[in-house]
There are 2 protein chains.
Amino acid sequence: MRHYSPSREFVIIKVMKLSQLFTKTTRENPKDETSVNAQLLERGGFIYKNSAGIYTFLPLGWRVMQKIAGIIREEMAKIGGIEMFMPALVEKKYLDATGRWEVEVGFKIANDHAVRRGSTSTRLSLYEVEPLSNFVLGWTHEEVLTAIASRFVSSYKDLPFAAYQIQTKFRNEPRAKSGLLRGREFMMKDLYSFHASEDDLWRYYEDVKGAYHKIFHRCGLKAIYTIAAGGTFTAENTHEFQVLADIGEDTIFICDKCEYAENKEISKLMNNGQCPKCKGKIVERKSIEVGNTFPLGDKYSKAFDLKFVDEKGESHLVIMGSYGIGLGRVMGALVEIHHDDEGIIWPEAVAPFKVHLLALEGTEKSGDEIYEKVLHSGIEVLYDDRMDKSAGEKFTDADLIGCQLRFVVSEKTLQKKSVEVKRRGEKDAKLIELDNIVDILL
Amino acid sequence: MRHYSPSREFVIIKVMKLSQLFTKTTRENPKDETSVNAQLLERGGFIYKNSAGIYTFLPLGWRVMQKIAGIIREEMAKIGGIEMFMPALVEKKYLDATGRWEVEVGFKIANDHAVRRGSTSTRLSLYEVEPLSNFVLGWTHEEVLTAIASRFVSSYKDLPFAAYQIQTKFRNEPRAKSGLLRGREFMMKDLYSFHASEDDLWRYYEDVKGAYHKIFHRCGLKAIYTIAAGGTFTAENTHEFQVLADIGEDTIFICDKCEYAENKEISKLMNNGQCPKCKGKIVERKSIEVGNTFPLGDKYSKAFDLKFVDEKGESHLVIMGSYGIGLGRVMGALVEIHHDDEGIIWPEAVAPFKVHLLALEGTEKSGDEIYEKVLHSGIEVLYDDRMDKSAGEKFTDADLIGCQLRFVVSEKTLQKKSVEVKRRGEKDAKLIELDNIVDILL
């Protein structure tokens with residue numbers, strides 16, 4: 001499954017002028033948000049809260065999401081994951097096969113009749129038909145893909161394979177809070193793998209573990225591989241990728257030496273106890289779950305009679321795994337980890353732009369020239385060309401939005417035929433000669 | 001709004017081996033599909049029908065969708081459209097502002113209580129609470145984006161701007177049929193523009209018209225710009241982009257000379273009548289609506305009190321337009337237009353791969369070498385490396401899947417140090433020397 005070579009084909013806009021971006025930053029924290037990620041992302045114009053746990057990704061935020069998605073796509077390709085796209089509307093027939101129609105986390109679609117009755121009366125005292133349609137909004141797609149696979153898989157030659165999608169998921173969370181960390185509608189990468197044996201599943205499970213570590217590392221997160229309970233999905237032990245953060249809703253026991261970790265829900269370890277692996281000290285920490293992996297065994301293949309015939313002509317159930325990453329959670333966790341009092345400090349790989357270029361008063365023409373120069377070198381640049389804003393306002397916005405490199409063009413720097421370059425999160429700026437600015441970017 | 005330069009950043013897998021693609025082609029048409037697009041797309045392994053009007057995009061189909069999306073993104077960037085992403089769950093507060101909560105085409109989410117009651121009883125005889133939640137699945141996003149804009153727009157300096165998304169839409173279609181041509185869940189590009197004056201809207205409206213013609217042309221469709229009724233969305237005249245096809249559910253009157261067209265629903269023209277523009281002959285034709293443009297005026301800005309202050313300090317309502325393209329419809333229309341008895345004939349820009357490489361019996365090693373060679377040249381190639389399939393089966397699959405260039409490696413071609421190259425839809429093949437195959441692709 002290793003013969004896929006990733007490449008870059010989709011389209012993203014490389015450059016943007018702030019005068020043409022319709023969003024604006026705000027100084028005040030939104031009143032209804034308590035988490036740092038929601039506060040900074042709303043203030044910077046990355047997201048807009050439509051309802052509890054439901055956000056719009058504004059242009060800057062959508063760029064960050066696409067950067068995260070791009071990293072995931074590359075690493076999925078390296079482990080043979082093929083991209084596809086399943087529907088959000090999942091029919092009852094799929095979930096009935098595993099008994100998951102009853103799971104309350106799903107948003108059910110109302111019956112048509114209920115809609116018509118509901119639309120003419122705000123409260124019905126008598127209601128004589130089933131209020132639900134046969135559809136739920138997919139919160140996961142094991143059943144759907146297993147049913148699809150049963151059309152195509154019949155022989156051991158058809159295995160193994162792995163398919164994934166990056167798609168909106170829906171969960172009726174009673175406590176949607178913490179900004180992007182717990183949403184009712186959120187973007188998820190869900191990968192499913194199909195194998196002829198448990199050995200092959202476990203081999204691939206390790207591949208996914210490696211890919212996940214690479215993904216989180218490339219995004220700028222340190223994720224701890226944590227043993228966890230099965231939850232609603234499976235009876236066996238599963239694994240989570242946890243980012244240490246006080247705002248996290250999960251609690252893990254982690255060894256301060258070898259980083260062996262277990263989710264508190266299933267752990268027999270204790271705070272200040274001894275690590276079973278290396279005798280280091282176990283500490284209790286709060287964390288954000290950004291990904292998870294599930295060895296599913298034959299649970300779903302049994303439900304959908306997904307079988308293959310082996311070399312000897314014998315029939316067996318297919319062995320499966322599933323693997324998730326919450327893209328919004330990754331974005332939220334990034335902000336929780338990488339910020340200071342002034343705003344976000346995006347790791348370069350996921351920043352909305354590489355360069356934030358500020359042209360101060362009286363330097364419009366030179367600013368435009370530098371912008372064109374950077375633009376033609378193929379570097380992503382956000383250009384603050386607004387001439388009705390003070391230098392202070394521009395600096396504040398640049399710190400809040402959080403691109404890695406800030407270029408300032410002022411009358412003072414131009415006298416020295418230079419641009420002031422400062423890295424976000426560092427104090428010292430330096431002057432770079434105009435002739436050299438593209439070189440330092442490449 | 002023209003300072004965006006598109007570039008290619010997202011990730012797509014360039015190459016694929018058929019032995020590793022989990023889908024398979026089938027010879028028989030699916031029993032429950034009557035349209036050519038659904039039949040060929042299902043048989044080729046592009047789509048999978050989950051429910052009426054609800055399809056999975058399998059890996060090959062998802063590639064085609066991403067090609068269409070890429071073309072749309074490039075053309076949107078050229079007219080200053082900025083990409084963003086709004087939620088599918090739309091709260092009642094948005095649609096109440098325009099009275100569109102009552103529109104029956106929306107899938108409403110059931111009330112939580114209804115879900116719990118519904119889950120324990122299949123039919124309720126007494127139902128004492130409102131069966132609907134406050135959410136509907138977005139079938140369009142005028143209200144949501146107008147509300148968002150009202151946070152950011154206050155001055156004429158904030159206008160104009162245009163923002164779009166490529167996102168799943170949901171419509172409770174009573175007659176979901178015709179494959180991808182009329183879905184209940186479908187991918188749509190929806191663009192919204194905001195202006196300080198009607199003049200500026202009409203200027204941009206023409207820009208969008210030009211961009212749409214380019215998009216459809218690049219995808220391989222000829223779309224007729226057609227005057228249409230407002231429908232549910234607006235009272236004014238709107239415009240549709242119609243692709244002539246007998247399977248189409250729309251009927252238009254079109255001039256056989258200048259192609260002036262009106263939708264029959266609003267037209268006073270007649271079959272065999274005279275064109276009001278050029279005196280050519282008007283003919284009645286069936287067609288598929290692949291896009292539409294709506295001059296919205298101040299309908300939505302009035303509902304959300306979206307105003308701006310002009311240079312003189314006077315306050316005005318913002319003038320808006322909205323513009324849609326159905327990506328699945330484009331894909332379905334492409335298949336309806338571009339096929340023959342053997343299968344699909346994808347236009348090159350939207351084909352899942354540029355080259356379909358077939359290695360016949362005994363040529364596995366040479367096939368692998370050619371595959372590596374093409375792969376390293378950066379060309380997208382689908383490699384039929386299956387050694388348990390006959391030449392006939394491989395030819396049939398290649399015709400069905402429909403990539404533009406078919407490369408055949410056989411013992412016969414290898415004796416001449418060549419590969420047989422044939423263009424899909426043409427009869428004649430020619431031999432190209434192995435040393436030259438990459439050159440003819442670039």
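Before anything else I needed the rule for pairing: two strands pair if DSSP finds at least two bridges between them. Helices (H or I, at least four residues) and strands (E, at least two) are DSSP runs, numbered from the N terminus. With that settled, I found T251(A) standing opposite K286(A) in β16(A).

A note on what I'm looking at: this is a predicted model, in which local features need pLDDT of at least 70 and side-chain atom pairs count only at pLDDT 80 or more, while totals for chains, interfaces and linings use all residues. Residues are numbered from 1 along each chain as its sequence is written, and chains are lettered from A and ligands numbered from 1 in the order in which they are written.

**Entry: chain A overall**

I got twelve helices and 26 strands for chain A. Its C-alpha atoms fill a box of roughly 80 × 65 × 50 Å along the principal axes. Of its 442 residues, 52% are buried. Buried means 20 or more other C-beta atoms within 10 Å of the residue's own, exposed means 12 or fewer, and partly exposed is in between, with C-beta atoms placed from the backbone.

I also looked at contacts (C-beta atoms, placed from the backbone, within 7 Å). Among those in chain A between residues at least 6 apart in sequence, 69% join residues at least 24 apart.

Chain A is divided into domain 1 (32–340) and domain 2 (353–441); the bounds come from an automatic or database domain assignment. Their centres, taken over C-alpha atoms, are 40 Å apart.

**Entry: strand β16 of chain A**

How many of the 16 residues of β16(A) are buried? I got twelve, so this strand (residues 282–297) is largely enclosed by the rest of the structure.

Then I went through its partners.

- Strand β14 (residues 250–255) of chain A runs antiparallel to β16(A), with six bridges joining them; this is where T251(A) stands opposite K286(A).
- Strand β13 (residues 238–244) of chain A pairs with β16(A) over six bridges, also in the antiparallel sense, and E240(A) has N292(A) as its bridge partner.
- Strand β19 (residues 319–326) of chain A is joined to β16(A) by six bridges and runs antiparallel to it; here P295(A) has G321(A) as its bridge partner.

A reminder to myself: in a regular strand the side chains alternate between the two faces of the sheet.

**Entry: the six-stranded sheet of chain A**

I traced an open sheet with the order β3-β23-β22-β24-β25-β26 in chain A, and its pairing is mixed. Its edge strands are β3 (15–17) and β26 (429–433), each pairing on one side only. On average, neighbouring strands are turned by 25° against each other, direction ignored.

Helix α9 (residues 364–376) of chain A packs on it, touching β3, β22 (355–359), β23, β24 (405–409) and β25 (418–423), and its direction makes about 160° with that of β22(A). Axes are lines fitted to C-alpha atoms, for helices over the stretch in contact, and angles run from 0 to 180 degrees between N-to-C directions. Helix α10 (residues 391–401) of chain A lies across β22, β23 and β24, at about 175° to β22(A).

**Entry: one loop residue**

Where is S197(A)? I found it in the loop between β11 (185–195) and α6 (198–219) of chain A. S197(A) is partly exposed, with 15 other C-beta atoms within 10 Å. I also checked S197(A) against E336(A): they are 139 residues apart in sequence and 40 Å apart in space, C-alpha to C-alpha.

**Entry: a helix crossing in chain B**

The axes of helix α1 (residues 36–43) and helix α8 (residues 327–337) of chain B come within 8 Å and cross at roughly 95°. That makes α1(B) roughly perpendicular to α8(B); the label covers 65 to 115 degrees, with angles under 35 roughly parallel, over 145 roughly antiparallel and the rest oblique.

Who makes the contact? V36(B), N37(B), L40(B) and L41(B) do it for α1(B), and G332(B), V335(B) and E336(B) for α8(B).

Notes
Two residues are in contact if their C-beta atoms, placed from the backbone, lie within 7 Å.
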